[in-house]
Amino acid sequence: MAFWLYKSEPNKWSWQMQKDAGEKGTEWTGVRNYLARNNMRAMQIGDKGFFYHSNEGLEIVGITEVCALSHPDSTAEGDARWDCVDIRAVMDMPRPVSLKEIKENPKLAKMSLVTSMRLSVQPVTDEEWIEVCRMGGLDNPPR
C-alpha cells in the first residue's frame, strides 16, 4: 500500500464534488506533468491519498482511495502520453490540516507538499501519512 496527495483548486473540483461522485469515484484528469503522471502509473487499487485544496483554502480536507488503475486520460484528446487513475472519497478529515501547520511541523519538513509545491500528484511516506492524519484528528488512520 502506498499513500499519495492530490491537489485540486476547489473552484474547479472541490472535495464536496469528489464526495458527490459517490462510490464509483471519478477520473483524476487533466494532469500534464510527467512526474505526476508517473506517480499515477505507480498506484495500486486501494492506495489511499489526501485530497488537498490548493490556491484557495490550502489545506488537506479529505481522504481518497484509488478505485481504478492508470488508464488513458479522457481529457487528453487522443494524446497517449497522459494517463489518470480513478479515485473515490473515503472520508472527511475530522479537522482540515493547513499548509501552514504542515510547514511548521519538523516531522514534515521533507514532505513533497513542502518541497515540491507545484506537483499536483505527490507521494506521501508512511510516516507523513500517520503524522498528517494525527494532526487532522485521526488516531487510527485508514490504510
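Trp129 is buried, at 0% relative accessibility, where buried means under 20% relative accessible area, exposed over 50% and partly exposed in between (1.4 Å probe, protein chains only). The structure is a predicted model, in which local features need pLDDT of at least 70 and side-chain atom pairs count only at pLDDT 80 or more, while totals for chains, interfaces and linings use all residues. Residues are numbered from 1 along each chain as its sequence is written, and side-chain values use heavy atoms, with hydrogens and water left out.

A search of the whole structure finds six aromatic pairs. Rings of Phe, Tyr and Trp (its six-membered ring) pair if their centres lie within 6.5 Å; planes under 30 degrees apart count as stacked, over 60 as edge-to-face and the rest as tilted. One of the pairs joins Tyr34 and Trp82, with 4.8 Å centre to centre and 35° between the planes, a tilted arrangement. This pair links distant parts of the chain, 48 residues apart: Tyr34 sits in helix 2 (residues 34–41), and Trp82 in the loop between strand 4 (59–72) and strand 5 (83–98). Helices (H or I, at least four residues) and strands (E, at least two) are DSSP runs, numbered from the N terminus. Tyr34 is partly exposed at 41% relative accessibility, whereas Trp82 is buried at 6%.

And what of the partner of Trp129? The ring centres of Phe50 and Trp129 are 4.2 Å apart with planes at 25°, so this pair is stacked. Because Phe50 lies in strand 3 (residues 48–53) and Trp129 in helix 5 (residues 126–135), the pair ties together parts 79 residues apart in sequence. Phe50 is buried, with a relative accessible area of 0%.

Finally, Tyr6, Trp15, Trp28 and Phe51 form one aromatic cluster.
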